[in-house]
Amino acid sequence: MPEFFKWLVGGEDIRELSLNVMDVTQNSITAGARLIEITAEEDTVQKLLKIVIRDDGSGMTDEQVEKVTNPFYTTRTTRKVGLGVPFFKMSSEQTGGSFSIVSEPGTGTTVTAVYHTDHIDMTPLGDMNETVLLLVTCNPDLDFIYRRSVDDGAYTLDTRELREVLGGDVPLSSPDVADWIRAYLREQEDSLK
Amino acid sequence: MKSLAELQAIRDKARANMGIREDKTDGVRVVVGMATCGIAAGARPVLSTFVEEVAREKLQDVVVGQTGCIGICQYEPVVEVFEPDRPKTTYVKMTAEKAIKVVHQHLMNGQIVEEYTIGTSGK
């Protein structure tokens, strides 16, 4: 199956889970979400990683949920395959982990992927900070909560809190704000190690 | 440690600069395709390079954003530049290095980098 996916995208593959997160979060944005919560929890003893993307977008019917993991289903009209969710699902299941989508029309969608980090087919998490920073600064009208933990160490970035400090007139996309977010994420991530 | 007090200072500085900016009319919009096809082809470093370079050069009239699939997956990473005074420019098979050149030559000096456009590179 992985070979088949690689063929579909001309030999390319998504080599960092943080890129899958960026990709799948795009679906939340398209679904009209106002608040997107991204969680990356690691347990180094159990060797587990859990990634959750939750949104308050338009949601899906059970029938649609069933279809989105099929690469030949897409909401777009520009072409007939949609690989974002199938790639993400594959990345977790190939480690012996699990994947689920829970959704309700009008309420939102929660996508959960669990990984066995010691499995040979584990894809590295990669640069989550870059993904979060780009999502926040390129979608300054949306709110994001990023929760990250490694064992007992944890931190959160909540753009609603930043927005409260910045007021309505200074956007999250301002370069100085982006620098602050970048430095904050780096500092917090380093403190987990 | 990064504190919210620091963020407050950023806000005050930004507000102080705002008066200067508001006189300007429609700005330039740079949009990077960030669907599965774009991301798999390397769109994230292209997007972050645009964000960083535009900030570094203090191009206050340029907004950098992301979009979904533009529909020409074989040319990803694709970047579109929208300007008020001319038709849309579509750059294809972009890289971080090419992004820097587009910022300097196109966004700062108004000259389209023809060799990276779909009309040239797409052939």
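A nonpolar core is a set of buried Ala, Val, Leu, Ile, Met, Phe, Trp, Tyr and Cys residues joined through C-beta atoms within 7 Å; a residue is buried if 20 or more other C-beta atoms lie within 10 Å of its own, exposed if 12 or fewer, and partly exposed in between, with C-beta atoms placed from the backbone. These legends describe a predicted model, where local features need pLDDT of at least 70, side-chain atom pairs count only at pLDDT 80 or more, and totals for chains, interfaces and linings use all residues. Residues are numbered from 1 along each chain as its sequence is written, while chains are lettered from A and ligands numbered from 1 in the order in which they are written.

**View 1. The largest nonpolar core has 75 residues.** Those with the most contacts inside this core include Val132(A), Ile181(A) and Val32(B). Helix H5 (residues 128-138) of chain A gives the largest share, seven residues; helices here are DSSP runs of H or I, at least four residues, and strands runs of E, at least two, numbered from the N terminus.

**View 2. Around Val32(B).** Among the residues that Val32(B) touches, leaving aside those up to four places away in sequence, are Ala43(B), Phe50(B), Gln66(B) and Val79(B) (contact: C-beta atoms, placed from the backbone, within 7 Å).

**View 3. Where chain B meets chain A.** Here 31 residues of chain B are in contact with 34 residues of chain A. H1(B) supplies the largest share of chain B's side, 10 residues.

**View 4. Asp26(B) in its loop.** Asp26(B) sits between H1 and strand S1 (28-33) of chain B. Asp26(B) is exposed because 10 other C-beta atoms lie within 10 Å.

Conventions. Two residues are in contact if their C-beta atoms, placed from the backbone, lie within 7 Å.
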